Structure formats: C-alpha cells, structure tokens
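Subject: Handing over the structure

Hi there,

My notes on what turned up follow below.

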Amino acid sequence: MALIAARILRSNSRPSVALRRWPWPSFSSAASAAVAEAETTEVKDYADYRRSLYGQITHKALLVDAVGTLVLPSQPMAQIYRKIGEKYGVEYSEDEILFRYRRAYSQPWGKSRLRYVNDGRPFWQYIVSYSTGCSDPQYFEELYNYYTTDKAWHLNDPGAEEVFRALKKSGVKLAIVSNFDTRLRPLLRALNCDNWFDAVAVSAEVAAEKPNPTIFLKACELLDVKPEDAVHVGDDRRNDIWGARDAGCDAWLWGSDVHSFKEVAQRIGIQV
C-alpha cells in the first residue's frame, strides 16, 4: 500500500521570445494495434519459453498479495474512521482524515524497523490517533476489531475460488504473501478463503516486509518449491514485482499484466 507523491514545479517566468509550437505526433489506430500485438506476442513468447523449460504448466506455485489483489476494503478508510469515530468525538472531515492518514503512513515508523509486529497495535494506534486526533482506547479497539471482520473486506475477484481450486487440482501450490499483522489469518477465515491456500507468509510473523526478498523466500520454503518455480501476483510494483524478482520469483502486476485470477491461471497453463 505504498503511496507515491508527485511534485510538479511550475515557473512564473515568461520567455522573452515566442516559442514555436510543434504539433504532437498522432498515432493511428493501426500503430496502436501494432503495439498491442507486439505486447501480446511478447507474452506468448515468454509463455512458450517457460513451457519449453517446465512443460505445459509454467509455474509450480502461485504467490498472491492480500490487500489490493485478493481482497479490497468494502468502504473507504476515511469514511469508516469518521463514522465509527463520531461517537468518540472525532471532528475531522473525511478529507482531513485521509490527508493525515497518508502523511502518517508514509513516515518512517521509529519504534521498529517493521510496521507490523505481532498484532500491529502500537503502529495502528499511532496511525489512528494521528489521522483522527482521537486517542480514546475504546475507539481504537472498535476500529481495530472492525478490520478483522467480513464487513470490512470483500474478495476482489468473485471468480477467485473456482480458479484457486482448479489450480490446486492441477498441482499448483498456493500461498498468500502479505504485509499485514496477525489479523490476516482470522480475516481469511471470516471471508471463507483460508482453505484455498497451502501457506500464508505474513510480514508480522516472518519479520520481513515486502519488498524484502525474505518474505517471498519464506513462502517458497513453506510450499517446498524453488523461487524460480513460483510466480507472484500483486498490485504494487515496488513491493510485489521488484521484491518478488529480487527473490528469484517470476512476478505479474495485478491490473496491468493480469486483471483476473482466471487470466493468471491461463498464463500458468490451466484452463478454467
């Protein structure tokens, strides 16, 4: 859940002479189609290459990111912080809460090299207090416990269960790799998807957070596969793609390389 800030610098000075404006080149639909065809060919060539090495099924294991890939928040964070916080005296608007949350989350967490240690309470107490201006322990506990329930989350892909069962039936091992605290396991149970996976590598237990390769290597160890035999799917280029590749795994970016778990299965070589 990395946040990327872009800074745009503007100049107030004007040039002393007029600058000639050159038209931007226009791309025909034929050119766009050629680019798309080239990308499709590249993917196909890579899949063929993998199959030449490993057979029809290109990977022995699939590693999946949790938040942003497998599951999504059911309501905006700031809306929930505000709604639950009203009875505890929270007065900040949703926009203010969101701004303060992003600011707090992006700062180095000084008490530990990891944000999520065990149940993650110290980190989240800091985040909630900074975001809302409310340090009431009852407010924090209600908010903290809310995010362990199926009210707070939903599956990103409604067809995920069918795909994962087909992958397991075909011999592909499955694991979650997530930067999360120890609430992840009860959350997966609440969403009735914990039994889809052979292993769970959660940063609070592994003591390493993505993009640290250690967490990916731990997932491979739990599955008893080599990193080069696994592919990781996640929505964060830095944490998921770069981290997995540093560990020696293949990696596909959710929302760019793949858009559904059915597409993931097809790229591995399993028809669902």
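Here is something to look for as you open the file: which residue just after α11 takes a positive phi? It is Gly269, with a phi of about 115°. Do keep in mind that this is a predicted model.

A word on confidence before the details. The protein chain has an average pLDDT of 86, and 81% of the residues score at least 70. Residues 1-25 are the stretch to watch, with pLDDT below 50. Leaving aside near neighbours in sequence, that stretch has 7 contacts in the model.

Back to helix α11, which spans residues 261-268. Its buried residues are Phe261, Val264, Ala265, Arg267 and Ile268. They are on the same side of α11, because they cover an arc of only 160° around the axis.

Buried in α5 are Tyr139, Phe140, Leu143, Tyr144 and Tyr146. These buried residues line one face of the helix, since they fall within an arc of 160° when seen down the axis of α5. The face turned away from that buried side carries Pro137 and Gln138, both exposed. Among the elements covering the buried residues of α5 are α2 and α4 (121-132).

Now for the aromatic rings. The count comes to 18 aromatic pairs. One of them is Tyr81 with Tyr101: the ring centres are 6.1 Å apart and the planes stand at 85°; an angle over 60 degrees counts as edge-to-face, so this pair is edge-to-face. It links distant parts of the chain, as Tyr81 belongs to helix α2 (residues 77-85) and Tyr101 to helix α3 (residues 94-106), 20 residues apart. Tyr81 and Tyr101 are both buried.

Tyr101 also pairs with Tyr105. Here the centres are 5.7 Å apart and the planes at 20°, so the two rings are stacked. Both residues sit in helix α3, 4 residues apart, which is about one turn of the helix. Tyr105 is buried, as is Tyr101. Together with Tyr116, Phe123 and Trp124, the residues Tyr81, Tyr101 and Tyr105 form one aromatic cluster.

The charged end of Arg183 sits over the ring of Tyr144, 3.9 Å from its centre. Arg100 lies over the face of Tyr130, at 4.6 Å from the ring centre. Arg103 is in helix α3, and it counts as partly exposed because its relative accessibility is 47%.

Finally, the packing. The largest nonpolar core has 60 residues, and the members that touch the most others are Leu62, Leu70, Tyr81, Trp124, Phe164 and Leu167. What does Leu70 touch, not counting residues up to four places away in sequence? Its partners include His154, Leu155, Phe164, Ile176, Leu188, Trp196, Phe197 and Phe261. There is also a second, separate core of 21 residues, with Ala199, Val206, Ala219 and Ala247 among them.

Happy to go through any of this with you.

Best wishes

Methods. Residues numbered from 1 in each chain as written. Predicted model: local features only at pLDDT ≥ 70, side-chain atom pairs only at ≥ 80, totals over all residues. Heavy atoms only, no water. pLDDT = per-residue confidence, 0-100. Contact = heavy atoms within 4.5 Å. Buried < 20%, exposed > 50% of the residue type's maximum accessible area, 1.4 Å probe, protein only. Helix = DSSP H or I, 4+ residues; strand = E, 2+ residues; numbered from the N terminus. Arc of directions from axis to C-beta. Phe/Tyr/Trp six-rings, centres within 6.5 Å; stacked < 30°, edge-to-face > 60°. Lys NZ or Arg CZ within 6 Å of the ring centre and 35° of its normal. Core = buried A, V, L, I, M, F, W, Y, C linked by side-chain atoms within 4.5 Å.
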